[in-house]
Amino acid sequence: MDTQRFTLAVLAVVPLVVACGSEKAGSGSGSVDAQRPVTGVDWRVQGITADGATTQARGKPYLAFDAKSGKVGGRLGCNAVNATATVRPAQITLGRPSTTRMMCDASLMSTERALLALFDGRVDYRVDHDTITLTSENGMIVHAVADE
């Protein structure tokens, strides 16, 4: 191969190598997304699975874990909630909940009762991009997404 052909081949390949190495995380093309942290995010509850049945959450419930204060706050569907929360890798220990005491529509209260079962115990969690799955000691599963 002569020098001119070799130079042309190199010049054709270099832009491809540079382009492949300049992708940002989350840009698609098989790149690796950084996992969202558990703390500092409002996790909007989408659904609750208990006894094998999944129901859609009502009333825009969410949970927000604060590493600095060691607490969790949010809304359960009808009432606001606060509790202590110790976040460790793959597990959260939730304290006894403190809530406001409003009465709401039956569907909101049903979501609230289910979410209250997460508190005063350990919860396993798994974060997958913008979703979190919480699994309580009694097997209840809560699916939530990061609120943008």
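**The core and its ties**

Mentor: The largest nonpolar core has 27 residues. Those with the most contacts inside it are Phe65, Leu94, Leu118, Phe119 and Leu134. Keep in mind that this is a predicted model. Several elements give two or more residues to this core: β1 (42-50), β3 (62-66), β5, β6 (91-94), β8 (121-128), β9 (131-136) and β10 (141-146). Now pick out Leu118. Leaving aside residues up to four places away in sequence, Leu118 touches Leu63, Leu94, Val123, Leu134, Ser136, Met140 and Val142.

Next, the ties. There is one disulfide. Cys78 and Cys104 form it, with their sulfur atoms 1.8 Å apart. Cys78 sits in the loop between β4 (71-75) and β5 (80-88), and Cys104 in the loop between β7 (98-99) and α2 (106-116), so the link joins parts 26 residues apart in sequence. Cys78 is buried, at 4% relative accessibility. Cys104 is partly exposed, at 28%.

The whole structure also holds three salt bridges. One joins Asp130 and Arg36, at 2.6 Å from N to O. Asp130 is in the loop between β8 and β9, while Arg36 is in the loop between α1 (3-21) and β1, 94 residues apart. Another joins Arg44 and Asp147, at 3.5 Å. Arg44 lies in strand β1 and Asp147 in the segment after β10, so this pair ties together parts 103 residues apart in sequence. Glu137 pairs with Arg122, their closest N and O atoms 3.7 Å apart. Glu137 is exposed, at 54%. Arg122 is partly exposed, at 43%.

How values were computed:
Residues are numbered from 1 along each chain as its sequence is written. This is a predicted model: local features need pLDDT of at least 70, side-chain atom pairs count only at pLDDT 80 or more; totals for chains, interfaces and linings use all residues. Side-chain values use heavy atoms; hydrogens and water are left out. A disulfide is a pair of cysteine sulfur atoms within 2.5 Å. Helices (H or I, at least four residues) and strands (E, at least two) are DSSP runs, numbered from the N terminus. Buried means under 20% relative accessible area, exposed over 50%, partly exposed in between (1.4 Å probe, protein chains only). A nonpolar core is a set of buried Ala, Val, Leu, Ile, Met, Phe, Trp, Tyr and Cys residues joined through side-chain atoms within 4.5 Å. Contact means heavy atoms within 4.5 Å. A salt bridge is a side-chain nitrogen of Lys or Arg within 4 Å of a carboxyl oxygen of Asp or Glu.
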